[in-house]
Amino acid sequence: MAQQSASQRLVEQQGRVLKLWQERMAPPRPDARPVLPMLEALTRALGARRSVQVTDAGHPLGRAQGALDGLKSVDVFQGIVLEVLEEEGALASDERALVLQSFHAFRLALAEAAQRREHALTEAVAKSEERYVVAVRAAGFTIWDWDLTERRIHWSYSVEAMLGHPVDALSSIGMWLEHVHPLDRERVGEGLRSAVEEGRTGWTDAFQFLKRDGSWAGVIGRAWIMHDHAGNAVRVVGGLVDVTEQRSLERKLAEQVQLTRTVAENATSGLFLLDGRGHATYLNPAASAITGYALEHLQGQPLHGRVHSHAALHRPAAVVRDQECTFTRRDGTQFVASCSAMPLAEYDLGGSVLEFRDVTELKRAELQLREAVQARDEFISIASHELRTPLTALQLQIQGMTRGPLAGGVDERVKKRLLGAERSVSRMVQLVNELLDVTRVEAGRLELEVEEVNLSELVRELVDRLQTEIRQAGSAVTVEAPERAMGRWDRRRLDQVIGNLLTNALKYGEGKPVRVRVEVDGEQVRLQVRDQGIGIAPSQHARIFARFERAVSSRHYGGFGVGLWIVHRVVEAMGGAIRLESAVGQGSTFEVTLPVSAPGAPR
Ligand code: ADP
């Protein structure tokens, strides 16, 4: 009978091979199923008269891996297969070679799988180690283990991450203590020593610990002390926690609190801190001094109803700014306060801070000032009215003598004096009119009579009219103006504006040339009056447009300081603007811009 092929024999003896494997494996395996795919792959390969391919070996091996114990068990399996195949005589040499090659493929696959597993494992370990170091660094925490019999301290690797010291650098208690700050060292050493010697189970302290880079870390040390059966301390396991950052935050917070306290204690305004119910939890010395209350007088009751009765200040989330309130002092008297309230929501307390100032005096002074200004305006109004009547009469009388029918009989020398007197009286009339204007403009009675006006013509007329003043001032006045600069304005008021600017230029122009320029620019007309006189410091620019404000002493230059104020009000009423360019000693340029049609003027 022809000898069966190796694969046929394996099919027949499959059960026996598996059984033998189960028995011979140490320890014996209850289940042969995991290695069955290997046996089947081998059978198929031999049937096809080839060996199991290295690339395919991994597949049948997949399930078997857990059941095989590495390469040794593959050897056992191979031994069993050969034994069963050669029971009835040696295998043909090519078949034997195929079997050996197949097992070689299994071995390779197994080794590869093992390698892969090892690699994955190393990687996982490395990762977890890395995570550990990062965690330690983040937590700022390290462990030391002091073996009292060996007299050695073992540190966890995290000591390097936290303090910079290599793991074996602080291996004796002496070295450990050397790194504690000199101010803490004795206390820490003594604390540890007594804890160990007196049979205690724990120790804790907070101190500064020297890092390798020379800086100090604020740490909290804690240790557990272990004892043998006889009660002797044998081991101390401790931890150090880095609290440098917390300490610095605590310090900053304390500084902030101190600063806030200093500000509150020294403020001149009164301050109340209120809780969510509106009860005072703090009041500063100023609040005490102003109201006569101390904290104990106000505890347990809302401020509202006792110190003030303003509902807006009582609402916890209210924001109140500079509101006028009436406060009641402890003795029952009252005062007017300016109050501000801010919620303290950030702290989630529902409370608020109330700041107040006693403004009774300020109010009284304000009232007095208002009354004084009113009295002054009334006086100016009455005085100018009263002065104008006799002055006008006087002016008429003089004019009668210089120009009327009587003029012919008047001696030339007297006439000359009379003309001088007339000029002075005109000046007085002008001043009185200016004052009257102030009261009129102030009372809001600046009514415009708008009509078609040629600004260029108005300027030329005015320069003609002011020839006497120009001569007296000694300034040459040039006019640069187009033939026509038309617009709808109040002629009389505009005349007043140009007149004021021009007389100022003559008055403060130090006899140097004065230039008046008119320009038409689309819907706008510009009037510029420029002198080369004393000039005005920029710090005074805004002020001189206010009523009765002057930038010169009245000893050197006469005037009421109302001209520019009136100019400003008139220009504004006509929808225009005024600009000043000047510096001390550099002359002044006043520039008025007007829309060609004053507001409210029919086109
Ligand atoms: P007054 O000339 O009567 O003092 P104004 O209101 O016309 O009043 O002017 C206010 C102030 O502005 C003047 O007192 C003067 O200090 C300053 N000022 C006005 N015009 C000029 C100018 N052209 N050059 C220098 N200073 C001027």
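A salt bridge is a side-chain nitrogen of Lys or Arg within 4 Å of a carboxyl oxygen of Asp or Glu. With that term in hand, I turn to the structure shown above. The model is predicted, so local features need pLDDT of at least 70 and side-chain atom pairs count only at pLDDT 80 or more, while totals for chains, interfaces and linings use all residues. Residues are numbered from 1 along each chain as its sequence is written, and side-chain values use heavy atoms, with hydrogens and water left out.

The structure holds 40 salt bridges. In one of them, Arg-403 pairs with Glu-422, and the closest N and O atoms are 2.4 Å apart. This pair links distant parts of the chain, 19 residues apart: Arg-403 sits in the loop between α14 (360–402) and α15 (412–442), and Glu-422 lies in helix α15. Helices here are DSSP runs (H or I, at least four residues), numbered from the N terminus.

Are these two partners buried or exposed? I use buried for under 20% relative accessible area, exposed for over 50%, and partly exposed for values in between (1.4 Å probe, protein chains only). Arg-403 is exposed at 57% relative accessibility, whereas Glu-422 is buried at 7%.

A second salt bridge joins Glu-87 to Arg-16, with the closest N and O atoms 2.5 Å apart. Glu-87 lies in the loop between α5 (71–85) and α6 (93–139), and Arg-16 in helix α2 (residues 14–24), 71 residues apart. Glu-87 is partly exposed at 40%, and Arg-16 is partly exposed at 33%.

Finally, Arg-543 and Glu-549 meet in a salt bridge at 2.3 Å, N to O.

Note on methods
Helices (H or I, at least four residues) and strands (E, at least two) are DSSP runs, numbered from the N terminus.
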